[in-house]
Amino acid sequence: MDPGNRRVLLVEDEQTIADVVRDYLLKAGFQVDMAADGFTALKVAASRQPDLVILDRMLPGLDGVEVCRRLRQTMSVPVIMVTALGTEDDRILGLEMGADDYVTKPFSPRELVLRVKSVLRRSVKEFAPEPSVEAAGLELDPASRTVTHNGNPLALTVREFDLLAFLMRRPNQVFSREELIKAVWGWDFGDLSTVTVHVRRLREKIEANPTTPELIKTVWGVGYRFDDTGGGHGRQ
Ligand code: CA
């Protein structure tokens, strides 16, 4: 990945933080656009088509969660949400609204730049795409990063796509949340609720009834597995 071709939109209303993070991103070779409030962020995102958005949770006007939700309606751009320390509800809410990753304030700008690179690596095809995979009415095409369910296109975020692809390629195998966070997110450690939230979001998009999932099954005390015989039975 050449950072010089990559454009990051930094949405942060605290000028000193914004300046420091911008400098780190520039030093790492990224192109940087800035916005200090939610409405401006949406306008800049639409006109500049960034490759990634760093989005502060607390913003004047339109808060980060709402900005993320609106971005999701029109773009599949990866979002890293920045939340205040200790506000777990905010973080979960951010992930549920479609953020791909998060950092908590106060954060190290160096760490944030590493997260940016990690998320971008996963959203950019750096190698020959893998063949598409089909199971249980789902068809996943890594080349175009599209998924359809019974022929209907699904809007998945970068991490949702990666998680589904990982599970679909390994049907009927059980993976723990630790294994998934390492394989799909590339983190050696991290908050495992990130996996839980993404599984819940995926289920809402692919399961006929998300509360009794037939595709991504929970194996209690162990983790999750993709059941390639699931779904499609007894449905309308
Ligand atoms: Ca703020």
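# Chatting about a cavity, a strand and a calcium ion

Trainee: How many cavities of 30 Å³ or more does the count come to?

Mentor: The count comes to 1 cavity of 30 Å³ or more. Keep in mind that this is a predicted model.

Trainee: Nice. About how much space lies in the largest cavity?

Mentor: About 40 Å³.

Trainee: And which residues line the largest cavity?

Mentor: Among them are L10, V11 and E12, then I17 and V21, and also I54, L55 and D56. V82, F107 and L112 belong to the lining too. By class, the lining has 9 nonpolar and 2 charged residues, with no polar ones.

Trainee: Which elements supply at least two residues each to that lining?

Mentor: Strand β1, helix α1 (15-27) and strand β3 each do. β3 gives the most, with 3 residues.

Trainee: Which strands does β3 pair with?

Mentor: One partner is β1 (residues 7-11), which runs parallel to β3 and is joined to it by 4 bridges. Another is β4 (residues 79-84), also paired with β3 in the parallel sense, over 4 bridges.

Trainee: Which helix makes a β-α-β unit with β3 and β4?

Mentor: That is α3 (residues 64-74), and the unit formed by β3, α3 and β4 is right-handed.

Trainee: Pick a residue in α3 for me. Is V65 buried or exposed?

Mentor: V65, which has its place in helix α3, is buried, with a relative accessible area of 8%. If you want a sense of distance, V65 and N152 are 27 Å apart in space, C-alpha to C-alpha, and 87 residues apart in sequence.

Trainee: New topic: the calcium ion. Which residues coordinate it?

Mentor: The calcium ion is coordinated by D13 and D56, each through OD, and by M58 through O, at 2.0 to 2.3 Å. Along the sequence, the donor residues follow the spacing D-x42-D-x1-M.

Trainee: Why does the pair D13 and D56 tie together parts that are 43 residues apart in sequence?

Mentor: D13 lies in the loop between β1 and α1, whereas D56 lies in strand β3, so the pair ties those parts together.

Trainee: Of those, is D56 buried or exposed?

Mentor: D56 counts as buried, because its relative accessibility is 4%. D13 counts as partly exposed, at 33% relative accessibility.

Trainee: Which peptide bond is cis here?

Mentor: Look at the bond from K105 to P106, which is cis, with omega near -5 degrees. P106 is found in the loop between β5 (101-105) and α5 (109-123).

Trainee: Where is Q49, with its positive phi?

Mentor: Q49 is in the loop between α2 (38-48) and β3, and its phi is near 50 degrees. N150 is not a glycine either, and its phi is positive, about 50 degrees. You'll find N150 in the loop between β8 (146-149) and β9 (152-154).

Trainee: Is N150 buried or exposed?

Mentor: N150 is exposed, with a relative accessible area of 52%.

Trainee: Last one: about how much space lies in the second largest pocket?

Mentor: About 340 Å³. Of the 20 residues that line this pocket, the closest to its centre are R72, A155, L156, T157 and K205. The elements giving two or more residues to the lining are α3, β8, α6 (158-168) and α8 (193-206).

Trainee: And what classes make up the lining of that pocket?

Mentor: The lining of the second largest pocket has 7 nonpolar, 6 polar and 7 charged residues.

How values were computed: Residues are numbered from 1 along each chain as its sequence is written. This is a predicted model: local features need pLDDT of at least 70, side-chain atom pairs count only at pLDDT 80 or more; totals for chains, interfaces and linings use all residues. Side-chain values use heavy atoms; hydrogens and water are left out. Two strands pair if DSSP finds at least two bridges between them. A crossover is right-handed if, with the strands pointing away from the viewer, the path from the first strand over the helix to the second runs clockwise. On a 1 Å grid over the protein atoms alone, a cavity is a set of points where a 1.4 Å probe fits but cannot get out, and a pocket is an open set with protein on both sides within 12 Å along at least five of seven lines; lining residues have an atom within 4 Å of a point. Grid points are joined across faces, edges and corners, and a volume is the space filled by probe spheres set on the points. Ala, Val, Leu, Ile, Met, Phe, Trp, Tyr, Cys and Pro count as nonpolar, Asp, Glu, Lys and Arg as charged, and the others, Gly among them, as polar. Donors are N, O and S atoms within 2.8 Å of the metal (3.2 Å for Na, K and Ca); water is not among the atoms, so sites may look incomplete. Buried means under 20% relative accessible area, exposed over 50%, partly exposed in between (1.4 Å probe, protein chains only).
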